[in-house]
Amino acid sequence: MRALVVFYSRSGATETVADDIREGLLRFVHVDVEWIRIKRYEPFFIGSVRLILDCFSKSKFPLVGLTYDPTKYQYLVVGTPVWSGSCTPPIQSYLTEMVCPSNKVGLFTTQSGDPNEEVIEEMENMCNGETRCTMMLKRADIKAGNHHQEVDDFVGRLLGMK
Ligand SMILES: Cc1cc2nc3c(=O)[nH]c(=O)nc-3n(C[C@H](O)[C@H](O)[C@H](O)COP(=O)(O)O)c2cc1C
């Protein structure tokens with residue numbers, strides 16, 4: 001059995017959770033990790049302007065340089081920060097273009113404010129796979145290390161153990 005963890009992270013919170021999910025999954029299955037890197041968002045000032053513009057434009061976001069093919073994995077985890085009440089443009093593209101019907105999918109978000117079910121519902125509607133579990137974590141809880149139980153539950157539900 002193989003799992004792929006795919007995420008975008010600009011300031012580390014989503015990366016922390018993706019890493020914890022990877023560790024949880026590794027106890028049971030082979031795991032690969034795809035960190036989607038977006039160079040146009042990296043220079044701090046101009047990157048921030050670009051990402052805000054991207055959040056408001058509905059144009060398709062090009063995905064380049066992906067390493068792993070999700071059709072080769074039974075389990076697929078996709079994680080994103082919440083930006084302007086939605087998932088990030090690269091993850092929107094990933095969900096619509098890359099997820100396949102045979103993937104058993106786990107979706108998670110990180111955000112500064114209270115968890116927003118609408119973002120997860122939007123993500124579920126974008127992807128073709130069978131959504132097995134979802135998780136919404138606050139940045140402050142991740143930074144305080146208060147998310148480990150939720151990650152364990154998420155991994156258990158993804159693998160059909162809970
Ligand atoms: C452009 C932008 C928009 C954001 N919009 C929201 C939002 O609508 N709701 C929210 O709760 N947090 C929002 N945040 C906060 C991020 O979702 C939060 O800090 C997230 O954990 C960052 O993940 P990262 O560290 O993996 O990049 C926003 C952050 C940025 C940079």
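Let's start at the ligand. Nineteen is the number to remember: of the 19 residues around the ligand, Ser 9, Thr 14, Pro 81, Gln 111 and Gly 113 come nearest. Keep in mind that this is a predicted model.

Where does this shell come from? Helix 1, helix 2 (44–56), strand 3 (75–83) and strand 5 (104–111) each give two or more residues to the shell around the ligand. The shell around the ligand has ten polar residues, six nonpolar and three charged.

Next, step back to the whole chain. What is it built from? The chain has six helices and six strands. Follow the sequence and you read β-α-β-α-β-β-α-β-α-β-α-α. How compact is the chain? Its radius of gyration is 15 Å, close to the 15 Å that the globule rule gives for 162 residues, so the chain is as compact as a globular protein of that length. Along the principal axes, the C-alpha atoms fill a box of roughly 45 × 35 × 25 Å.

Last stop: a helix pair. Two packed helices are described by the angle between their axes and the distance between the axes. Take helix 1 (residues 13–26) and helix 6 (residues 148–158). Their axes come within 9 Å and cross at roughly 50°. Helix 1 and helix 6 are therefore oblique to each other. The crossing of helix 1 past helix 6 is right-handed.

Which residues make the contact? From helix 1, they are Val 17, Asp 20, Ile 21, Gly 24 and Leu 25. From helix 6, they are His 148, Val 151, Asp 152, Phe 154 and Val 155. Sorted by class, this contact of helix 1 with helix 6 holds six nonpolar residues, two polar and two charged.

Note on methods. Residues numbered from 1 in each chain as written. Predicted model: local features only at pLDDT ≥ 70, side-chain atom pairs only at ≥ 80, totals over all residues. Axes fitted to C-alpha atoms, helices over the stretch in contact; angles between N-to-C directions. Helix = DSSP H or I, 4+ residues; strand = E, 2+ residues; numbered from the N terminus. Parallel < 35°, antiparallel > 145°, perpendicular 65-115°, else oblique. Left-handed = near helix turned anticlockwise from the far one by under 90°. Contact = placed C-beta atoms within 7 Å. Nonpolar A, V, L, I, M, F, W, Y, C, P; charged D, E, K, R; others polar. Near = placed C-beta within 6 Å. Rg over C-alpha atoms; globule rule 2.2 N^0.38 Å.
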